Amino acid sequence: MRITGTGHASMRIDTAAGSILCDPWVNPAYFASWFPFPDNSQLDWETLGDVDYLYVSHLHRDHFDAEHLKRFISKKATVLLPEYPTSQLEDELRELGFTSFLRTRSDEVHELDGGLKVMIQALISPTDGPIGDSSLWVEYDGVRVLNQNDARPTDLQRFNELGHVHAHMLQFSGAIWYPMVYELPENAKTAFGKQKRERQFDRTWRYIDDLKADFVFPIAGPPCFLDDTLWQFNDIHGDEGNIFPDQSVFLSEYAKVGGTNAVVQLPGSVTVLSEGGTKQTTEHPMPVDEFFANKAAHLEEMRERKAPVIAAEKASWRHPEIDVLGALKKQIEPLLEESIYMAKGVGGPVRFDLTDSFGPDGEIVESIVVDFPGKQVRPYADEKVRYRFKTGRALIEHLIFIGEGDWVNSLFLSCRFSAARIGQYNEFVYAFFKCLSEERLQYAEGWYDEHEKAVDAEDIQFDDWTVQRRCPHLKADLSRFGIVEGNQLTCQLHGWKFDLPSGRCLTSVGHKIRASKTES
Ligand code: FES
């Protein structure tokens, strides 16, 4: 089996029974904020795109690059489709010209021609990616590979059941806007960022330990930010609160916990797994250490080269003729009317301050409130709000212009905004703004409804505490992911904390945990 690194979370897997290209991403994503790093635009995509199978793990734009798929990927390729609740991924791929689809069933092995076996595990909660994230397991001739991608299953048991995995590809770096966009004192931001960075690594170690593969490939690594207003998010400034550590940092952190089996691929690196998957040899286009030692220079060079791309994108965002308030009323009010769980979960007004720039800086020209209790979109009325976002009016104009139904997969991941909130993190705010279409809203509401009603009666024991087995967030098994220190439980899957005496979730609104002091 041969694995070619094609940048970020992308790879091409070649076997004698066929080739699979995963998540090819080259063009900038999220309002031209994210670029793949190291740069992969110079690869021979005509050849790489001539494949038997295409796997797009999910619809996030750093995995689903419509322009690139359209131009370079063979339309003869059969798409290995995760089992998602909505048909959006298939619909979008059909629109790009793909016609052959294998609709997999989650957690079921599918045998393809020539003895190639695949299994896709689909995660489908409203907080998994853009309502859906997935991992791909591949077996050929006794060699097994898991491309876990940036999916966060509660555990890797299903893959372990299928036999020892030889190569494990997984995310290790940040892919979110927290805490950078929050309006916080710098020292608090650094402290939160540091915690987040540590948590990301802890989660990665846990997954690695769960699977115990022969080789670990750190992928879905940090993007790079080439626009001047976002340049500070690149991890080159010695900021210990930066949530985007790169593969070279992964190597040193992994070594600290005793990890010796990492394989870092640059775009164009080729790894051959041999001897039943227990041996690997990798050839790189240039020495990996040397590449990362010159990271700042590579970024500067990319910044200059890609500046016209960013300028061209920016030129397409403004649509001043759009009545933003009117358009948002039309799009969002019917959804507010139908939303029970998410509207209740948000529980207050959310304010958008719109500026005359392409981000949070500049003059505020309009302030709009999405009033969840009042089920209304209206002008801001000098009131207390639950969350406040500040971003460029042009970005909202563009979202309306393209009919965007998922603001997480466009505005929020762009990091071209600032945020302030009263109280804790509220997952429902972001869940709602990724459901700005009837289909998505109905699905998410149904999901919350089922989970609200689900009775999770099983308890487990920690030293002094009896606690419900499943995490109130996304059902992680707390006998594996839970750590109790004093009166506080941390679920290591996403780092949520709970105060055991009161059961209160310290990380997000709602999500109470059942816990009682064990009698001794
Ligand atoms: S499942 Fe997310 S913190 Fe527990």
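Guide: Let's start with Asp 23, which sits in the loop between strand 3 (18-22) and strand 4. Strands here are DSSP runs of E with at least two residues, helices are runs of H or I with at least four, and both are numbered from the N terminus. This is a predicted model, where local features need pLDDT of at least 70, side-chain atom pairs count only at pLDDT 80 or more, and totals for chains, interfaces and linings use all residues. Residues are numbered from 1 along each chain as its sequence is written, and side-chain values use heavy atoms, with hydrogens and water left out.

Visitor: Why is Asp 23 called buried?

Guide: Buried means under 20% relative accessible area, exposed means over 50%, and partly exposed lies in between (1.4 Å probe, protein chains only). Asp 23 has a relative accessible area of 1%, so it counts as buried. Its phi is near 45°, a positive value in a residue other than glycine.

Visitor: What makes Ala 220 buried?

Guide: The relative accessible area of Ala 220 is 3%, so buried is the word for it. Ala 220 lies in the loop between strand 13 (215-219) and strand 14 (224-225), and its phi is near 50°, a positive value in a residue other than glycine.

Visitor: How do you know that strand 1 and strand 15 pair?

Guide: Two strands pair if DSSP finds at least two bridges between them. Strand 1 (residues 2-5) and strand 15 (residues 270-274) have three bridges, in the antiparallel sense. Here Arg 2 stands opposite Val 272, and in strand 16 the bridge partner of Val 272 is Thr 281.

Visitor: What joins strand 1 to strand 2?

Guide: Four bridges join strand 1 to strand 2 (residues 11-15), and the two run antiparallel. Ile 3 stands opposite Ile 13 in strand 2. Five residues lie between the strands of this hairpin, where Gly 7 takes a positive phi near 100°.

Visitor: In what order do the eight strands of the open sheet come?

Guide: The order is 7-6-5-3-2-1-15-16, with mixed pairing. Strand 7 (100-103) and strand 16 (279-283) are the edge strands, as each pairs on one side only.

Visitor: Why are helix 5 and helix 6 called roughly perpendicular?

Guide: Axes are lines fitted to C-alpha atoms, for helices over the stretch in contact, and angles run from 0 to 180 degrees between N-to-C directions. Angles under 35 degrees count as roughly parallel, over 145 as roughly antiparallel, 65 to 115 as roughly perpendicular and the rest as oblique. The axes of helix 5 (residues 186-211) and helix 6 (residues 247-256) come within 11 Å and cross at roughly 65°. The two helices are therefore roughly perpendicular to each other.

Visitor: What makes helix 9 oblique to helix 11?

Guide: The axes of helix 9 (residues 324-338) and helix 11 (residues 393-402) come within 10 Å and cross at roughly 45°. That angle makes helix 9 oblique to helix 11. Contact means heavy atoms within 4.5 Å, and this one is made by Val 324, Ala 327 and Leu 328 of helix 9 with Arg 393, Ile 396, Glu 397 and Ile 400 of helix 11.

Visitor: Where are the cis peptide bonds at Pro 38 and Pro 179?

Guide: One joins Phe 37 and Pro 38, with omega about -5°, and Pro 38 is in the loop between strand 4 (34-35) and helix 1 (45-48). Another runs from Tyr 178 to Pro 179, with omega near 0°, and Pro 179 lies in the loop between strand 12 (167-171) and helix 5.
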